[in-house]
Amino acid sequence: MASFNLYSRGDRIFGYANATLIGLFVLSTLYPFIYILSVSISSGAAVTSGQVVLLPKDLTLAAYEFVLSDRLFWIAYGNTFIYTFGGTAVSLAIMIPGAYALSRARLRGRKILNLMVAFTLWFNAGMIPFFLNMRDLGLLDSRFGIIIGFACNAFNVILLRNFFEAVPKSFEEAAKMDGASEFQLLWKVFIPLSKPAIITVALFCIVSRWNSYFWAMVLLRGEEKIPLQLYLKRIIVDLTANDEFASSLLTSRYSFETVTAAIMIASIIPVLLIYPSIQKYFNRGITLGGVKE
Amino acid sequence: MSAVELNDVVKRYGALEVVHSVNLNVERGEFVVLVGPSGCGKSTTLRMVAGLEEISGGTVSIGGRLVNRVAPKDRDVAMVFQNYALYPHLNVAENIAFGLRVRREKKDVIEAAVKEAAAILDLTPYLARKPADLSGGQRQRVAMGRAIVRKPQVFLFDEPLSNLDAKLRTQMRAEIKRLHKRMGVTSIYVTHDQIEAMTLADRIVVMNGGRVEQVGTPMELFLKPANAFVASFLGSPPMNLLRATVVCVDGEPMARIDAADPEAALLRLPKAIGTSLRADQRILVGLRPEHVAVGNDASGDVQEIAATVDLVEPLGSEALLHTRISGQPIVAKIETPADVEALSQIGRLQIPVGRLHVFDAESGKAVNGHA
């Protein structure tokens, strides 16, 4: 029987070229992870002498031992957990009802309220007014300030609102006929139906809070409240000027670079663990609002 | 006391009035079907009864209680939607139980009600399934189950079968009828399908352009349509309507069918109707396709008239004969003869005079005293 190929030569070349480019892209994004991991488990001497390019040399966990034995690392880690997960919970608790209200046609002044929310996407007050506002509200150097000060994000509210608007009206009507109150309607119908959007927004919140650095640096004073990113900055900036640390390098297997890398690896582990489990929702969620079924 | 009463109900969207002064009394246990073409206001009227649309004017009462300003959940009505509106994140049992759960009924009451509804609707094997894993007919039964468990005073159906294929629609139609017989709950059913209306209804309300055209039993509407719209809407194929002018021949009123040909066909009109007509009155002469006969099939007072056959559509036991009288189309629904080919050669139709309907061409109203 004569065989035939569904793809032309041009199609096959195009396919190979695509696969090669994607492969290169994957390697280029994967390389920094592998490199940092290798550095974190190599000896300081090997890293400093430039022997670590891809794979680790002189395997050692000395850098991790140094980092994990630092009390401030654990405080910063705990703070980051509080800011990330507490902050995300508070954000969702504020943004979901807000977005739901903005999605309802019967909300009085809906257009102007939506415009006010969208306005903050294009213009905001800037750093100094925000800082003064936080100061006047007594939210400087406060964990609560970090959580509540960044609880609401206009982009996320609009994303949720668009998803709520796309929920077929008959679900709302059926629930109303069934006797659901407005809160039951949100809790038992809209939230379960909007799971992809909510998980996407939660992931946005988690990633942005986990990586948050600037405002923590501006608003927090005491060491007891700093998040992991600020701790990392203190290690990078402060340790270089720390004589005790410099002298410890003479006798230890870790170095400035391996300690920094170990903190980086420790700080990305939670996000790496979360992402795969919610990736399917995230992939669906990022297209939200663009199409209506 | 009526189960549902609509008095001069009006719906406006801004300056646009879409439902004009609808009056309707639905008796307890009755199955009333609102039927009409798309955009005639039937769904809007139903939604006003449900409380999903505000009433712009008039009153709606359910069980003798004025409900104009009562929330949908407090009207004691349940609704089945066209697109089922089943919650995709809940399984069948949870969907059916939803209305009872949000009303905080006791767990054992909910379980018993779900079991009972599932048994009635043959859903017991599917209680743990999600809506996505059900067929269209099963989904529609779940939607009905959700309405049943509430034990409402009134069931409202908004085109519940229009998303189903033809075969399933016929099955579900019969199931809805059986369900109504068994439960005896007052039901208002909206459809654009006149067959659904004819088969399900105790009474049909024909709507057009936001107005009620006629209310009556299916056979009343079929046999004595109040106007040309009702006549042409009910029946499949619809009633033939021939444009004509009343003329007096030998003292008897006759209809001269409009045609370019001056030798246009003259149709005798029923004597009972003739007395209500005047000379030169513009009329529409109506005749049901199933009442047109060919050959020597007709009996009684029959007028034979020349016709040309355009097309023959054999449907199995019956055939549709698309013909023309004086250039105007007329469809005949006849028993399929052994020689189908011969039908295209037929040159004459037999018109039973007593079966003719006459409508005033201007107002569309029937001229036989049923307007």
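Visitor: What percentage of the residues of chain A count as buried?

Guide: A residue is buried if 20 or more other C-beta atoms, placed from the backbone, lie within 10 Å of its own, exposed if 12 or fewer, and partly exposed in between. In chain A, 28% of the 293 residues count as buried. Please keep in mind that this is a predicted model, in which local features need pLDDT of at least 70 and side-chain atom pairs count only at pLDDT 80 or more, while totals for chains, interfaces and linings use all residues. Residues are numbered from 1 along each chain as its sequence is written, and chains are lettered from A and ligands numbered from 1 in the order in which they are written.

Visitor: How many helices and strands does chain A have?

Guide: Helices (H or I, at least four residues) and strands (E, at least two) are DSSP runs, numbered from the N terminus. Chain A has 15 helices and zero strands. Its radius of gyration, taken over C-alpha atoms, is 25 Å, well over the 19 Å from the globule rule for 293 residues, so chain A is more spread out than a compact globule; that rule is 2.2 Å times the number of residues to the power 0.38.

Visitor: How many residues does each chain bring to the contact?

Guide: Two residues are in contact if their C-beta atoms, placed from the backbone, lie within 7 Å. Chain A and chain B bring 15 residues each. On the side of chain A that touches chain B, α9 (169-178) and α10 (182-193) of chain A each give two or more residues, and α9(A) provides the largest share, seven residues.
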